[in-house]
Every structure is written in C-alpha cells, then in structure tokens.
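Colleague: Please put the model up, and then I will ask about its parts one at a time.

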Amino acid sequence: MGGFMRTYKIAVIPGDGIGTEVITAGCEVLDAAAAAFGFQLDFEHFDWGSDYYRRTGKMMPDDGVERLRSFDAIYFGAVGDPHIPDAVTLWGLRLAICQGLDQYANVRPTRLLPGLTGPLRPELGAEIDWVIVRENSEGEYAGIGGRAHPGLPLEVGMDVAVFTRGGVERICRFACDLARSRPRKKLTIVTKSNAQRHGMVFWDDICRRVIADYSDLEVDWMLVDAMTTRMVLKPGTIDTVLATNLHADILSDLASAVAGSLGIGATANLDPSRSGPSMFEPIHGSAFDITGKGIANPIGSFWTAALMLEHFGEADAAGNIMQAIETTTRDGRILPPDLGGTARTSEVTRRMLDAMEKARAAA
Ligand code: ATP
C-alpha cells in the first residue's frame, strides 16, 4: 500500500535567523497533516544561507538551482544577516532560486485573522480578504542597469525596468485565472502609466488585451499611489490585485501592516507551468533581534505550509491547517509575544497540532 501513497519531495531551506525555528515548527505541522490525510512528505534539508556564505563565500553551491529542480516544492525560511549586505544574501539565494526556476508569479494572500486587531478600525479590518499577484521575474527588479563614471562628479547609476510581452501576458493571465477562482471574480490592475509612459503603458496595453478573454471578471484599474489609500480606506472593495514587481513589493508590505503582524503572512513563488518546483515562504525576515530566544511566531510558516499543500492539490489538509490557525488566533489564549501573548514557538506549535486534531474530529 505504501507504494501507492501520494508522496511529495520537499526541499527545506530554513536559511538565516528565526528561519530555522519557524521552519522546524512548520515541518511538524506538515508531518501531522500528512499522517492525517494519507500522503507522505519526504523532506531534504539544505543548510544554505549566510552561515554557508561565511564558510564558502557563496550563499548556495553553484549547482544549487539544478539540485532543487527535481523537488515538488521548496519550503523556505528567511534570509538576511546583520553582517552581510542584503544585496548579497537576497540575490545569492532567494532571488537566484526564484529567477533560476522561473517562479514568475508571487502570490500573497492577506486576511486579518479572527481575534487579531490590526491598525484599521475593526469593521474595516474585517473586510480585508485580498490576494496580491506580483510579477516576479522582470520589471523593475530585472537587474538591468549599471554605474558609470565611478567616483567622478558625473557618476551615474541606473536600473532599467524591463517589461516583455511574454512576461506581462503570462502574469496577467495567471492573475485573471486566480481572480476567476475566487467567489467575487474581481481583479484590480495596478499601474503608473500616467507618469511612466513607455513600460507602464505597454503593461496596460498587454493587460487590456488579456482581460478581453475574461469577460466574467469585474476588472478595474488603479494608479499605484491611489491604490495605497484605497487599501486603507476601502479595503472591502479589493479582491485580487495584479501589480509589477516593485509596486507589488510595496503594496504587500502595506498589506501585512494592515493585517496585523509580520509574523503571520505567507507567500508563494509559483511556476504555474509546473515544469519546476515552486517556493513557499513566510513573509517575515530573519529577525535577528529575537533569534535563538524560542519566541518567534510560527504562524506565518504554518500558513506557508497550507499554501504549499494547496498547490499539491491537498485541499483538505490545507484547510485543516488554516482552520487550526484561525482557532488559535480567535481563541487567543496561546499566542506568541508579537501578537500580544507570552507563548513560546513550541507552545504555539503544540496548540496548533491540537487544534488540527480537534478540527478533524469535528469534521
Ligand atoms: P530582514 O532584513 O531579513 O527582512 P528584518 O529583521 O529587517 O529582517 P523582519 O525580520 O522581517 O525584518 O522583521 C522585523 C521585525 O519584526 C523583527 O526584527 C522582529 O522583531 C519582528 N518579527 C518579524 N517576524 C517575526 C516573527 N515570525 N515572530 C516574531 N517577531 C517577528
């Protein structure tokens, strides 16, 4: 019977700081879900990250991306180190993986979980139910640019935003499909074509052509600056959001701020063609101020685990995790310090496993 069990191979990269703590907790939750829902998870751990860099001069081996290619998914912790420039840690690991595996769609769900209070008035906070789709392969972060006249008064530095027909078309199609799969069938396309008259106008043109194939969607357009106010003042009017690499980067941080805490959010870097693995990670960074204290909030890594299982098609297991997260926040007795409680990472994890079991028993 074992031979027929659904098995998923997961590359685990805890990375730096609290990454290790929250990913260890997340693996416990994943194991419990697998055991309860009849599938198997084969974890392989990789010690890549800033300590690896101190030993080898690289964030991961040269063939790192190739070694990941045969996995079904990557479960990623955090990267960042107080003594190594962000440009090295970020480009050397996270972005190298995202770009190397063409994970062109970054998806960030945002909700204010029950029991938590965000900075918005409660009735507005309760309206937040968004998914932000970020173009994850080009745009402003394509890495095209350079410096000239180094050290001279004439010195110049530039980054060129790259928008390709294929790149914009595929991300827009992905966002449309995602919007269509959600009850409200509503898509907001974020742009800045009033000021950036080439790349952003091109973005608009391609998106306009793609949405013509989705007449069942309600689509509206927003300038990125106006989008920030709408997210704060009228959160309930937003459902699925499509934005460029830079714009979505910024809007996502605003989204996590209005949804309560950095310790909760999760994100998926998807290759929708499924020709390689997608990567799933909590949104928070390495948080060196609390590393090793055993108090990191693991809920972001639990939500991340749910996104990964959903991607595998294990909807029941993913639902069990999400339900247990909501039970934990709603009841509020066992919460980590960043959510106003006093519980340690291990206690939140135990509470979570218990809530998963109870939810299954009640189902
Ligand atoms: P990086 O540069 O890697 O993004 P950072 O420390 O600048 O790291 P974050 O780690 O994302 O930024 O978070 C900022 C602060 O928020 C942390 O220093 C920490 O105090 C808090 N924080 C973030 N994530 C968590 C978490 N999971 N649990 C508890 N606190 C957290």
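Colleague: In β9, which residue is the bridge partner of T191?

Modeller: This is a predicted model, in which local features need pLDDT of at least 70, side-chain atom pairs count only at pLDDT 80 or more, and totals for chains, interfaces and linings use all residues. Residues are numbered from 1 along each chain as its sequence is written, and side-chain values use heavy atoms, with hydrogens and water left out. Strands (E, at least two residues) and helices (H or I, at least four) are DSSP runs numbered from the N terminus. In β9, the residue bridged to T191 is L223.

Colleague: How many bridges join β8 to β9?

Modeller: Two strands pair if DSSP finds at least two bridges between them. β8 and β9 run parallel. The number of bridges joining β8 to β9 is six.

Colleague: Which residues of β8 are buried on the side away from K186, T188 and V190?

Modeller: Buried means under 20% relative accessible area, exposed over 50%, and partly exposed in between (1.4 Å probe, protein chains only). In a regular strand the side chains alternate between the two faces of the sheet. Six of the six residues of β8 are buried. K186, T188 and V190 cover one side, and the buried residues on the other are L187, I189 and T191.

Colleague: Which strands stand at the edges of the sheet?

Modeller: The sheet is open, has mixed pairing and contains 10 strands in the order β2-β1-β3-β12-β11-β4-β5-β10-β8-β9. Two strands have a single partner each, so one side of each is left without a neighbour in the sheet. These edge strands are β2 (39-45) and β9 (218-223).

Colleague: What is the average twist from one strand to the next?

Modeller: Axes are lines fitted to C-alpha atoms (for helices, over the stretch in contact), and angles run from 0 to 180 degrees between N-to-C directions. From one strand to the next, the twist averages 25 degrees.

Colleague: Which residue of β2 is the bridge partner of K9?

Modeller: β1 (residues 6-15) pairs with β2 in the parallel sense, over seven bridges. Across from K9, the partner in β2 is D42.

Colleague: What angle does α7 make with β8?

Modeller: Helix α7 (residues 199-211) packs on the sheet and touches β5, β8, β9 and β10, where contact means heavy atoms within 4.5 Å. Its direction and that of β8 make an angle of about 160 degrees.

Colleague: Why is β4 described as largely enclosed by the rest of the structure?

Modeller: The strand spans residues 105-111, seven in number. It is largely enclosed because the buried residues number six of the seven.

Colleague: Which residue in β11 stands opposite V107?

Modeller: β4 pairs antiparallel with β5 (residues 129-135) over seven bridges, with R111 bridged to D129. β4 is also joined to β11 (residues 266-270) by three bridges, again antiparallel. In β11, the residue facing V107 is A268.

Colleague: How many nonpolar residues are in the contact of α10 with α11?

Modeller: Helices α10 (residues 299-312) and α11 (residues 315-331) have axes 8 Å apart and pack at about 160 degrees, which makes them roughly antiparallel (angles over 145 degrees; under 35 is roughly parallel, 65 to 115 roughly perpendicular, the rest oblique). The contact includes F302 and W303 of α10 and I321 and M322 of α11. Ala, Val, Leu, Ile, Met, Phe, Trp, Tyr, Cys and Pro count as nonpolar, Asp, Glu, Lys and Arg as charged, and the others, Gly among them, as polar. Beside one polar and one charged residue, the number of nonpolar residues is 11.

Colleague: Are α1 and α12 roughly parallel or roughly antiparallel?

Modeller: Helix α1 (residues 19-37) and helix α12 (residues 345-362) pack with their axes 10 Å apart, at an angle of about 15 degrees. That angle makes the two helices roughly parallel.

Colleague: Is T304 buried or exposed?

Modeller: T304 lies in α10 and touches Y75, A266, F280, E281 and P282, leaving aside residues up to four places away in sequence. Its relative accessibility is 0%, so T304 counts as buried.

Colleague: What is the relative accessibility of L90?

Modeller: L90 is in helix α4 (residues 86-100). Leaving aside residues up to four places away in sequence, L90 touches V79, L95 and A96. L90 counts as partly exposed because its relative accessibility is 32%.
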